[in-house]
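Please look through the sequence and the structure shown below, and keep both in view while reading the report that follows.

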Amino acid sequence: MPLQGVIFDMGGTLVHYTPPGQTWEEVERRGALSVYNYLLEQKHTLPAQTEAIDLAWNYARSLWSSLDQYDVKDLKLDLQLRLLAQQWGISEISPEVSEALALAYMAELQAEVIPLEGVAETLQALDDRGLKLGLVSNTMWPGAHHLQDLERYNLTGYFDHLLFSADEESWKPNPDVFERSLKALGLQPGDAAFVGDSLYFDMYGAKQVGMKTIWIEQVQPWLPEGLDATPDATIKRLPDLIPIIDAWREA
């Protein structure tokens, strides 16, 4: 059956959460500093700023390198910031303060979110072809905040279904999260392609359920040893997606 749908990753695929010219470390440190300053304003006693932000960066790096060791229910921003605050010596934080910390962190990062080149044009071209469009994002943020990022650039309306892992409590590359998206779109795995920037979370995950895969090539890709995540196609920029999709629709 010809291709009927395309499902996208979000961060690094549709929008940048790490602005060009900056590193993930710089972004994480900015978010942590916003959290740190909020707690200072609330009169908490904290380690020296340099020490605290170093702890935060090491915590973030350790967390993202060992996601498969966590219960997915714990991969939520407010909880993780509460655990970070414990490392800074604050033993008890109310749910209200946890939510405020998450808002402080997200606001800092959202201020610099920008779309990748050609996003709107690419989504419009796919929509014009009558394809169903979906989104599956690994995130610790509540999905409502990512919707704000999409809506800022008028991208939300292109999608027939959007799925955020913190809301669903299921993370890529778990096949379940891809299957949920396909079911919501009314598609079989062979009817759809997945587009993403991660060989592990996106390409490996989508291949496990039988979807076609398109990788946005990265300078420093990461993939655990022994896994096959060879994409069906590789692109450097989103508009390069269109001729590939057209060829698959005609196959």
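## Helix α6 and its surroundings

In this predicted model, the buried residues of α6 pack against α4 (95-110), β4 (132-137), β5 (161-164) and α7 (165-168). The helix itself covers residues 143-152, and its buried residues are Gly 143, His 145, His 146, Asp 149 and Leu 150. When α6 is seen down its axis, these buried residues fall within an arc of 160°, so they line one face of the helix.

## Aromatic rings

The structure holds 11 aromatic pairs. One of them is formed by Tyr 200 and Phe 201, whose ring centres are 5.1 Å apart and whose planes make an angle of 55°, an arrangement that counts as tilted. Are these two residues, Tyr 200 and Phe 201, buried or exposed? Buried means under 20% relative accessible area. Tyr 200 has a relative accessibility of 14%, and therefore counts as buried, while Phe 201, with a relative accessible area of 18%, is buried as well.

Tyr 200 and Phe 201 also belong to one aromatic cluster, together with Tyr 204 and Trp 222.

## The largest pocket

Rolling a probe the size of a water molecule over the atoms shows where empty space is left. The largest pocket in this model has a volume of about 1900 Å³. It is lined by 50 residues, and those closest to its centre are Gly 11, Thr 18, Trp 24, Trp 64 and Asp 197. Two or more lining residues are given by each of the elements α1 (24-41), α2 (49-65), α3 (77-87), α4, α9 (199-208) and β7 (212-216). Which element gives the largest share of the lining? That element is α2, from which 8 residues come.

## Asp 197

Asp 197, one of the residues closest to the centre of the largest pocket, is placed in the loop between β6 (192-196) and α9. If its neighbours within four places in sequence are left aside, Asp 197 is in contact with Asp 9, Gly 11, Gly 12, Thr 13, Asp 202, Trp 215, Ile 216 and Gln 218. The C-alpha atom of Asp 197 is separated by 22 Å from that of Ala 144, a residue 53 residues apart from Asp 197 along the chain.

Definitions and conventions:
Residues numbered from 1 in each chain as written. Predicted model: local features only at pLDDT ≥ 70, side-chain atom pairs only at ≥ 80, totals over all residues. Heavy atoms only, no water. Buried < 20%, exposed > 50% of the residue type's maximum accessible area, 1.4 Å probe, protein only. Helix = DSSP H or I, 4+ residues; strand = E, 2+ residues; numbered from the N terminus. Arc of directions from axis to C-beta. Contact = heavy atoms within 4.5 Å. Phe/Tyr/Trp six-rings, centres within 6.5 Å; stacked < 30°, edge-to-face > 60°. 1 Å grid on protein atoms, 1.4 Å probe; cavity = no way out; pocket = protein on both sides within 12 Å on 5 of 7 lines; lining within 4 Å. Points joined across faces, edges and corners; volume = space filled by probe spheres on them.
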